[in-house]
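Reader: I would like to learn how to read a fold from its coordinates. Can we take it feature by feature?

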Amino acid sequence: MFKKDPLQIIVFQTYGTANHLYVRGRAIEDESINLEQQGAFKLLFNTWKRFETDEIKNTELRVKIGTDNFFYTTTDNDGYFLLDEQVKDLSKYVNKEGWLILEFSYKEAPTKRTVQSGNRFPGEMLIPSKAASFGVISDIDDTILHTGLVSVLKWRVLVNTFLTSAGQRLPLDGAPEFYNMLHRGKSGKEANPIFYVSHSPWNLYRYLNFFLKKNNFPKGPIILRNFPKPFSKKNKKEKPQKQKEILNLLNAYPNFNFILIGDSGEHDPYIYLEIAENYPNRILAIYLRSVNHKKKMLRVTGLYKDYKTTPVLLVENSEQAIEHAKKQGFINV
């Protein structure tokens with residue numbers, strides 16, 4: 001009989017407020033994925049392990065904040081959990097960057113199963129600092145991480161995702177510097193929150209988190225999506241998941257203005273334009289990275305041709321975005 005892998009709890013970096021505890025994650029078996037491993041076979045095997053997970057279903061978890069604040073949540077049939085509660089003031093528990101430290105554990109670990117880390121698993125939730133002036137909502141694919149979404153038959157996406165380790169992936173030139181400037185803001189001490197929103201499934205959370213850390217991007221909530229179920233049909237009138245997540249951020253922080261950053265290759269230009277039109281006083285600027293696709297660039301140029309409400313910049317490189325952000329007063333000159 002095969003030995004079962006030890007249990008773990010992966011807590012996603014999420015966001016909330018001093019009175020709203022909102023934490024997501026997943027309880028699964030530890031597959032021991034090496035994010036820096038190289039070699040085609042090992043990378044494919046790691047990819048398979050990322051998607052063929054052994055989840056811990058319908059199991060109660062305990063969450064500790066500080067020394068004596070306890071909350072409870074239960075995993076679903078896929079091992080995911082969501083802790084969504086109105087609470088008393090949590091501000092005394094956050095650090096200067098606004099991060100709330102959490103500790104997760106299995107309330108009652110399954111018998112005869114090894115549990116990693118002594119049944120103590122760290123998590124963090126961001127409560128934006130009072131020193132922040134604005135927030136940044138950024139796409140990941142082809143915005144800070146080259147994926148090849150506009151390549152023929154998306155073949156580059158497959159190569160980059162399945163045959164390239166997270167440790168080998170490189171950010172687009174100048175992106176970490178630009179994001180750190182935005183994070184620090186005009187004063188250099190603002191701790192402006194960065195929210196990374198992607199169409200990628202939660203299975204890639206650790207892969208993307210590793211990439212962001214390794215390349216010195218500012219730490220921020222990573223917001224992905226549930227993997228679509230086979231043969232599921234989407235309502236044509238339903239908004240894209242990324243758009244819903246951005247609207248959730250606008251609703252979570254009604255007194256906050258945002259900068260939107262994306263690319264011109266897929267849906268970002270259309271999503272961002274609709275949001276900016278509906279929230280004209282809350283979107284400070286839109287930055288869209290140009291892609292090597294003539295028809296898509298013509299469409300995007302035409303889309304924003306007569307739009308004047310919010311500053312929009314189609315950028316070839318980070319230097320152009322940095323220069324524009326300086327002139328707009330978003331970052332330190």
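Reader: Which residues have the most contacts inside the largest nonpolar core?

Author: One caution before the answer: this is a predicted model. The largest nonpolar core has 35 residues. Those with the most contacts inside it are Ile-144, Phe-178, Leu-182, Tyr-196, Tyr-287 and Phe-330.

Reader: Which elements give two or more residues to this core?

Author: Helices H3 (175-184), H4 (205-214) and H8 (318-328) do. So do strands S10 (194-201), S11 (222-225), S12 (258-263) and S13 (283-289). H4 gives the largest share, 5 residues. There is also a second, separate core of 26 residues. Tyr-15, Tyr-272, Ile-286 and Leu-288 are among its members.

Reader: Which residues of H5 and H6 meet?

Author: From H5, they are Lys-242, Gln-243, Ile-246, Leu-247 and Leu-250. From H6, they are Asp-268, Ile-271, Tyr-272, Glu-274 and Ile-275. By class, this contact has 6 nonpolar, 1 polar and 3 charged residues. Tyr-272 also belongs to the second core.

Reader: And sheets? What should I look for there?

Author: Strands of a sheet pair through backbone hydrogen bonds, either parallel or antiparallel. Read the strand order, then the directions. In this model, 5 strands form an open sheet in the order S2-S8-S7-S4-S5, with mixed pairing. Its edge strands are S2 (14-15) and S5 (69-74), and each pairs on one side only.

Reader: How many bridges join S4 to S7, and do they run parallel or antiparallel?

Author: There are 4 bridges between S4 (residues 60-65) and S7 (residues 99-106), and the two strands run antiparallel. As one example, Lys-64 has Glu-103 in S7 as its bridge partner.

Reader: Last, the whole chain. How many helices and strands does it have, and what share of its residues is buried?

Author: The chain has 8 helices and 14 strands. Of its 333 residues, 51% count as buried. Among contacts with a separation of 6 or more, 72% are between residues 24 or more positions apart.

Note on methods. Residues are numbered from 1 along each chain as its sequence is written. This is a predicted model: local features need pLDDT of at least 70, side-chain atom pairs count only at pLDDT 80 or more; totals for chains, interfaces and linings use all residues. Side-chain values use heavy atoms; hydrogens and water are left out. Two strands pair if DSSP finds at least two bridges between them. Contact means heavy atoms within 4.5 Å. Ala, Val, Leu, Ile, Met, Phe, Trp, Tyr, Cys and Pro count as nonpolar, Asp, Glu, Lys and Arg as charged, and the others, Gly among them, as polar. A nonpolar core is a set of buried Ala, Val, Leu, Ile, Met, Phe, Trp, Tyr and Cys residues joined through side-chain atoms within 4.5 Å. Buried means under 20% relative accessible area, exposed over 50%, partly exposed in between (1.4 Å probe, protein chains only).
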